[in-house]
Amino acid sequence: QTLWPVIAIDGPSASGKGSVAERVAQAFGFHYLDSGALYRLLAYAAHTRSVAWNDASKLAQIAAVMEIRFENGEAFLDGEHVSAHIRSEQMGKGASEVAVHPEVRTALLQTQRNFRQAPGLVGDGRDIGSVIFPDAALKVFLTAAVETRAQRRYDQLINRGETASYETILQDLKQRDLRDTQRSSAPLVQLPDAMLVDTTKMNITQAVDMIIAAFKKTA
Ligand code: CDP
Ligand code: CDP
């Protein structure tokens, strides 16, 4: 069985993973796995079923039966278009709460591995290089200063026509960073074999070009 190449892009919230990963995938004609969306979908599915985000066993049950589909960057849960629902800050918070449970992470493991199809995959998240695809051809740790990430998230929300407070976003991001790095199950780590890409003073194109060049060298 052919193991198609994987580019793993892990890093903290709002470092630019999604934007960068999508373009790298486009450049090589690879599939794209937005693993954060799976945790967001689960948080949303639990919310609609009145299941609490700390109820690990019920969450794992939902994860095992929920039907997810991505089409042109849009997310569907049990046939319903839910992109707008799962992109909210509330579901971002919910995602980071459901993601701490080992039962939940196990329930979503195979779903993620199934995205590895011809001719290759770019996956972004927190544990793509450490747990989901430890044999990735290229591992990237994408990061940026927390104040820069807060400003980007703020601009993103304002551009969407939502109201936002920079201070609240900054505090939320710091909490999210702590939860993602301190949890015992698949914490966010900078792997020794990962290439560090710090986008604090880098635009998306520069980050994308660096990753494309690094992947070409692995071939
Ligand atoms: O866009 P942002 O980085 O804020 O979030 P996301 O990538 O959509 O992920 C939402 C939450 O899911 C994160 O805060 C993580 O706690 C969790 N997550 C995870 O634990 N493992 C992954 N591979 C991806 C996301
Ligand atoms: O997926 P993740 O949460 O890591 O980040 P994202 O949603 O891809 O990026 C968050 C925001 O930062 C987006 O609006 C990007 O356009 C912006 N961004 C940027 O301005 N400069 C970068 N080098 C990377 C991202």
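In this predicted model, the C-alpha centres of domain 1 and domain 2 lie 19 Å apart. The domain assignment, automatic or taken from a database, gives domain 1 (1–30 + 121–219) and domain 2 (34–118). Local features need pLDDT of at least 70 and side-chain atom pairs count only at pLDDT 80 or more, while totals for chains, interfaces and linings use all residues. Residues are numbered from 1 along each chain as its sequence is written, with chains lettered from A and ligands numbered from 1 in the order in which they are written.

Between the domains, 15 residues of domain 1 are in contact with 14 residues of domain 2 (C-beta atoms, placed from the backbone, within 7 Å). On the domain 1 side, S6, H8 and H10 each give two or more residues; helices (H or I, at least four residues) and strands (E, at least two) are DSSP runs, numbered from the N terminus. The most, 4 residues, come from S6.

Ile211 touches Ile7, Val20, Val24, Val140 and Val197, with residues up to four places away in sequence not counted.

Conventions. Two residues are in contact if their C-beta atoms, placed from the backbone, lie within 7 Å.
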